[in-house]
Amino acid sequence: MKYSCQFICQTNPFFIQATYFTLISFAGYEALKVLKSQDKSNTLQDLDVLFTAVSASTVSSMATVEMEDFSSTQLWILAILMLIGSEVFTSILSLHLMKAKFNTEKSLNIRDHSSQLDIESISITNFGPNTSHGTKDTMSFSELRLANKEHVDPKTIELLGTAATVYLLIANLGSSLLIYLYLKLVPDAQEVLKRKGIGFFLFSLFTAISSLANCGFTPVNENMIIFQKNSVLLLLIIPQILVGNTLFAPCFRFMVWSLQKITGKEEWQFILQHPKAIGYKHLMSTRKCVYLILTVVSFIILQTILFCFLEWSSEALQEMSSYQKIVGALFQSANARHAGESIVDMSSVSSAIIVLYTVMMYLPGYTSFLPNYDDRYSKAEKRCNRKRLLEDWIFSQLSYLAIFVMLICITEREALTTDPLNFNVFSILFEVVSAYGNVGFSVGYSCKRMLKQDVHCKDASYGFVGKWSDKGKLILIIVMVFGRLKAHNLKGGRAWKLR
């Protein structure tokens with residue numbers, strides 16, 4: 001057991017995460033296959049079930065089947081996959097691995113004599129060339145840990161992991177409760193779920209987990225289109241989307257700050273003052289958090305203004321009041337980065353908005369276009385020359401996306417020729433970027449756009465990928481997993497210069 005723990009801790013983080021998502025995806029696939037679907041006469045294909053499992057575990061919400069085809073028990077499996085595949089949950093696992101790594105390493109020499117040291121301060125005698133008796137300097141315990149930041153106290157890591165776990169539980173349970181109370185108080189929303197045979201509790205918890213995980217799945221086929229006039233529900237979900245991904249770091253830092261003020265523990269103070277020493281990517285300095293908040297809010301405002309300007313009189317919003325349109329535009333803008341829930345049919349949205357969403361989906365969650373003075377290379381990073389050389393010469397993110405789009409164009413070349421209005425390069429590009437960004441937006445497929453009408457063609461609520469060939473679906477599965485692991489290759493391609 002000891003050696004297996006050491007092996008896991010010393011393994012490349014990319015390999016660990018890739019293995020983790022592969023295992024939970026196949027475990028979810030097996031669970032979904034064992035459980036019966038809603039329509040027992042409609043047996044789901046194995047590839048579609050696997051695709052859905054990968055989509056849920058990588059919080060991508062790409063769909064090849066309708067959500068109402070799944071039974072209640074299968075929806076619970078998807079909810080579990082979304083939960084354990086979410087950014088917050090996987091970050092908690094990384095903290096546990098970090099703690100295990102510290103425990104397997106040899107303790108510092110200072111720990112061997114910890115019983116002789118004062119916890120609050122450590123006296124160190126320095127003998128200079130001009131002193132015979134030496135001078136006594138005092139180094140605080142926090143400064144000592146900072147000086148040896150490769151050996152941060154495992155108890156500090158454990159404390160941080162506990163805080164993240166509490167954050168996840170409170171966010172999910174609180175969000176579920178708010179949605180459940182709304183459903184109990186609003187008859188219109190109740191009627192929708194009763195008509196579809198979906199329980200209030202299942203819808204509340206499933207939607208809360210999906211929103212916090214930024215997955216984008218809902219238990220209904222229409223996603224949030226069916227609730228586009230329920231402005232209060234949309235306003236309840238927007239904060240859930242933000243605190244689960246793009247604003248997780250600022251919210252978590254605020255939580256740690258609150259705990260420090262309440263408890264007065266030195267560990268919390270150390271975490272706040274030296275976030276880089278911990279090595280937890282979601283723990284940022286106050287400056288970075290402020291820049292991140294400003295960037296996220298700016299993106300949402302920009303998208304909301306453009307959406308209202310271009311779609312105000314569109315067919316998709318024609319039955320909505322002005323207030324509902326503004327709230328809907330705000331909801332759509334909050335979802336465009338990573339979540340993927342939608343109040344409109346994406347195929348009816350103007351091309352300019354589609355292009356804007358394509359750019360938004362490509363941007364990583366913690367993108368900040370404001371000055372950032374904390375992104376300098378540390379001494380430890382500068383020593384990793386071999387790793388940096390590999391990062392320089394591997395392809396950039398855009399290069400991989402271009403390769404994936406070309407491969408899918410090859411697998412779908414027949415449809416591109418016979419059904420060009422549905423199958424075109426931009427529709428494929430949009431689907432690939434959506435899968436890579438783990439968003440879940442899709443332009444869908446319309447039988448009306450077929451050049452040669454097919455009497456057997458039936459419009460469905462699932463995404464455009466549902467009409468692809470099996471080879472195309474397999475490639476998009478790889479794209480979803482690759483997108484979930486993109487944090488390990490954000491610096492790739494720096495050696496390639498375009499002049």
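**Cavities in the predicted model**

Hi everyone, let me start with helix 8: with 4 residues, helix 8 gives the most to the lining of the largest cavity. Helices here are DSSP runs of H or I with at least four residues, numbered from the N terminus.

Some ground rules. Please remember that this is a predicted model, where local features need pLDDT of at least 70 and side-chain atom pairs count only at pLDDT 80 or more, while totals for chains, interfaces and linings use all residues. Residues are numbered from 1 along each chain as its sequence is written, and side-chain values use heavy atoms, with hydrogens and water left out.

A cavity is a set of points, on a 1 Å grid over the protein atoms alone, where a 1.4 Å probe fits but cannot get out, and its lining residues have an atom within 4 Å of a point. Points are joined across faces, edges and corners, and volume is the space filled by probe spheres set on them.

So, how many cavities of 30 Å³ or more are there? The count is 4.

The largest cavity holds about 70 Å³. It has 13 lining residues, and Val 88, Leu 168, Asn 172, Leu 212 and Ala 213 are the closest to its centre. Helix 4 (72-85), helix 8 (154-185) and helix 10 (200-212) each bring at least two lining residues.

On to the second largest cavity, at about 60 Å³. Its lining includes Asn 214, Phe 299, Arg 337 and His 338. Helix 15 provides the largest share of that lining, 3 residues.

Notes. On a 1 Å grid over the protein atoms alone, a cavity is a set of points where a 1.4 Å probe fits but cannot get out, and a pocket is an open set with protein on both sides within 12 Å along at least five of seven lines; lining residues have an atom within 4 Å of a point.
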